[in-house]
Amino acid sequence: MINHSKDFEAEVRQGWFAVRRFVKDHHGKRPDLTAVLLLIGLNEVSHASENPSKEEIVDLIHVGTCASLGIGGHYVLKQKDSQDWPHFELDKPLPSFESMRAQETYLKYYVIQYFKSKHYLSDND
């Protein structure tokens with residue numbers, strides 16, 4: 001079971017603030033985790049519709065989640081389909097978490113790493 005240290009939680013809080021500030025500066029609103037995952041999905045599927053259906057929104061959030069957790073080696077891009085949508089495969093199982101908060105902190109950590117890997121944030125953020 002994963003239970004994060006206070007130092008790790010503080011690091012993630014600081015990085016998460018930087019992610020939210022970046023998104024607010026570029027999109028005008030301070031987002032929650034779901035909105036950030038949707039934006040990552042849109043970044044990964046650049047041809048997605050400007051007005052996606054509810055099903056496409058769910059798919060884009062899934063892509064955002066897989067792309068983020070892929071940085072931690074949990075998912076790998078297996079292929080892109082005929083419509084150029086990425087399909088991921090679980091490569092390394094996710095750990096068990098002591099709480100939903102611990103699970104959310106873990107995902108936020110990899111969202112932060114995603115933003116850093118795309119050079120939206122610096123290593124100092």
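Colleague: Which helix gives the largest share of the lining of the largest pocket, and how many residues is that?

Modeller: That is α4, with 5 residues. A pocket here is an open set of points on a 1 Å grid over the protein atoms alone, where a 1.4 Å probe fits and protein lies on both sides within 12 Å along at least five of seven lines; lining residues have an atom within 4 Å of a point. Keep in mind that this is a predicted model, where local features need pLDDT of at least 70 and side-chain atom pairs need 80 or more, while totals for chains, interfaces and linings use all residues. Residues are numbered from 1 along each chain as its sequence is written, and side-chain values use heavy atoms, with hydrogens and water left out.

Colleague: Which residues should I click on to see the lining of the largest pocket?

Modeller: Select Leu33, Thr65, Leu69, Leu94, Phe97, Met100, Gln103, Glu104, Tyr106 and Leu107. Both α3 (54–70) and α4 (100–117) contribute at least two residues each to this lining. The space in the pocket is about 180 Å³, counted as what probe spheres set on the points fill, with points joined across faces, edges and corners.

Colleague: How many nonpolar, polar and charged residues are in that lining?

Modeller: There are 7 nonpolar, 2 polar and 1 charged. In this scheme Ala, Val, Leu, Ile, Met, Phe, Trp, Tyr, Cys and Pro are nonpolar, Asp, Glu, Lys and Arg are charged, and the others, Gly among them, are polar.

Colleague: Glutamate 104 is in that list. Is glutamate 104 buried or partly exposed?

Modeller: Judge by relative accessible area: buried is under 20%, exposed is over 50%, and partly exposed is in between (1.4 Å probe, protein chains only). Glutamate 104 sits in α4 and is partly exposed because its relative accessibility is 37%. Lysine 92 is 12 residues from glutamate 104 in sequence, and their C-alpha atoms are 18 Å apart. Over the whole protein, 34% of the 125 residues are buried.

Colleague: What does serine 68 touch beyond its sequence neighbours?

Modeller: Contact means heavy atoms within 4.5 Å. Setting aside neighbours within four places in sequence, serine 68 contacts Leu37, Ile40, Tyr110, Val111 and Tyr114. Serine 68 belongs to α3, and its 0% relative accessibility is why serine 68 counts as buried. Across the protein, among contacts between residues at least 6 apart in sequence, 55% join residues at least 24 apart.

Colleague: How many helices and strands are there, and in what pattern?

Modeller: Helices (H or I, at least four residues) and strands (E, at least two) are DSSP runs numbered from the N terminus. This protein has 4 helices and 2 strands, following α-α-α-β-β-α along the sequence. Its C-alpha trace spans about 45 × 35 × 25 Å along the principal axes.

Colleague: Which residues have a phi worth checking?

Modeller: Most residues other than glycine have a negative phi. Aspartate 84 has a positive phi near 70 degrees, and histidine 119 has a positive phi near 65 degrees. You will find aspartate 84 in the loop between β1 (75–80) and β2 (86–90), and histidine 119 in the segment after α4.

Colleague: And how accessible are aspartate 84 and histidine 119?

Modeller: Aspartate 84 is partly exposed, as its relative accessible area is 39%, whereas histidine 119 is exposed at 69%.
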